[in-house]
Amino acid sequence: MIELYHNDMSVCAQKVRFALAEKKLSWKGHHLNLRAGDQQKPEYLKLNPNAVVPTLVEDGTVIIESTVICEYLDDAYPEPKLRPADSGGLRRAGEHEALDQAARRRRARGDERRQLGDRLSLSKTRGRDRSAGRVS
Ligand SMILES: N[C@@H](CCC(=O)N[C@@H](CS)C(=O)NCC(=O)O)C(=O)O
């Protein structure tokens, strides 16, 4: 039986759900609430030490990383094929994957900068409030 630890808002998990749907495979879902920190729970960390979704488990075999999971599904259930058969197509698929990962890293860095900016402007506001006697 295929079990997928996932989240409905996660694009990485969505990628795996697409692969499962393309191959018409039945699976059992375990939905993780990422905002509540389900991915940090010790029992989940045993499956995925990176504390992210998705994780796929099939008959005791644990697979992490969405691309690796899709490749596994494509090898284990070859029809219909998800990956192109020719080397040119495989190269282009690899390039798309690399571009996607780079975009995700940029977004994550942007998020960190935005969060830092929010914290800085919040502390400035608090400083102004404090000097105006509005904060105890
Ligand atoms: N490279 C990983 C990335 C997985 C990932 O970043 N998942 C996000 C959701 S798209 C996550 O679980 N985030 C939870 C967190 O960062 O705490 C993959 O492709 O599986």
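Colleague: What is the strand order of the open sheet, and what kind of pairing does it have?

Modeller: The model is a predicted one, in which local features need pLDDT of at least 70, side-chain atom pairs count only at pLDDT 80 or more, and totals for chains, interfaces and linings use all residues. Residues are numbered from 1 along each chain as its sequence is written. The open sheet has 4 strands in the order β2-β1-β3-β4, and the pairing is mixed. Strands (E, at least two residues) and helices (H or I, at least four) are DSSP runs numbered from the N terminus.

Colleague: Why are β2 and β4 said to stand at the edges?

Modeller: β2 (27–31) and β4 (61–64) each have a single partner strand, so one side of each is left without a neighbour in the sheet. From one strand to the next, the twist averages 20°.

Colleague: What makes β1 and β2 a pair, and in which sense do they run?

Modeller: Two strands pair if DSSP finds at least two bridges between them. β1 (residues 2–6) and β2 have 5 bridges, in the parallel sense; H6 stands opposite H31 in β2. β1 and β3 are joined by 4 bridges and run antiparallel, with V57 in β3 as the bridge partner of E3. β3 and β4 are likewise antiparallel, with 4 bridges, and T55 stands opposite I64 in β4. The hairpin of β3 and β4 has 2 residues between the strands, and D59 in this hairpin takes a positive phi near 45°.

Colleague: Which handedness does the crossover from β1 to β2 have, and which helix does it pass through?

Modeller: The chain passes from β1 through α1 (residues 11–22) to β2, a right-handed β-α-β crossover. The term applies if, with the strands pointing away from the viewer, the path from the first strand over the helix to the second runs clockwise.

Colleague: Why are α1 and α3 called roughly parallel?

Modeller: The angle between α1 and α3 (residues 66–76) is about 10°, and their axes are 9 Å apart. Axes are lines fitted to C-alpha atoms, for helices over the stretch in contact, and angles run from 0 to 180 degrees between N-to-C directions. Angles under 35 degrees count as roughly parallel, over 145 as roughly antiparallel, 65 to 115 as roughly perpendicular and the rest as oblique. α1 and α3 are therefore roughly parallel to each other.

Colleague: Which residues of α1 and α3 meet?

Modeller: In α1, C12, K15, V16, A19 and L20 meet S66, I69, C70 and L73 of α3, contact being counted if C-beta atoms, placed from the backbone, lie within 7 Å. The residues of this contact divide into 7 nonpolar, 1 polar and 1 charged. Ala, Val, Leu, Ile, Met, Phe, Trp, Tyr, Cys and Pro count as nonpolar, Asp, Glu, Lys and Arg as charged, and the others, Gly among them, as polar.

Colleague: Which residues surround the ligand?

Modeller: Among them are S10, V11, C12, A51, V53, P54 and S66; a residue is near a molecule if its C-beta atom, placed from the backbone, lies within 6 Å of it. The shell divides into 7 nonpolar, 3 polar and 1 charged.

How values were computed:
Two residues are in contact if their C-beta atoms, placed from the backbone, lie within 7 Å.
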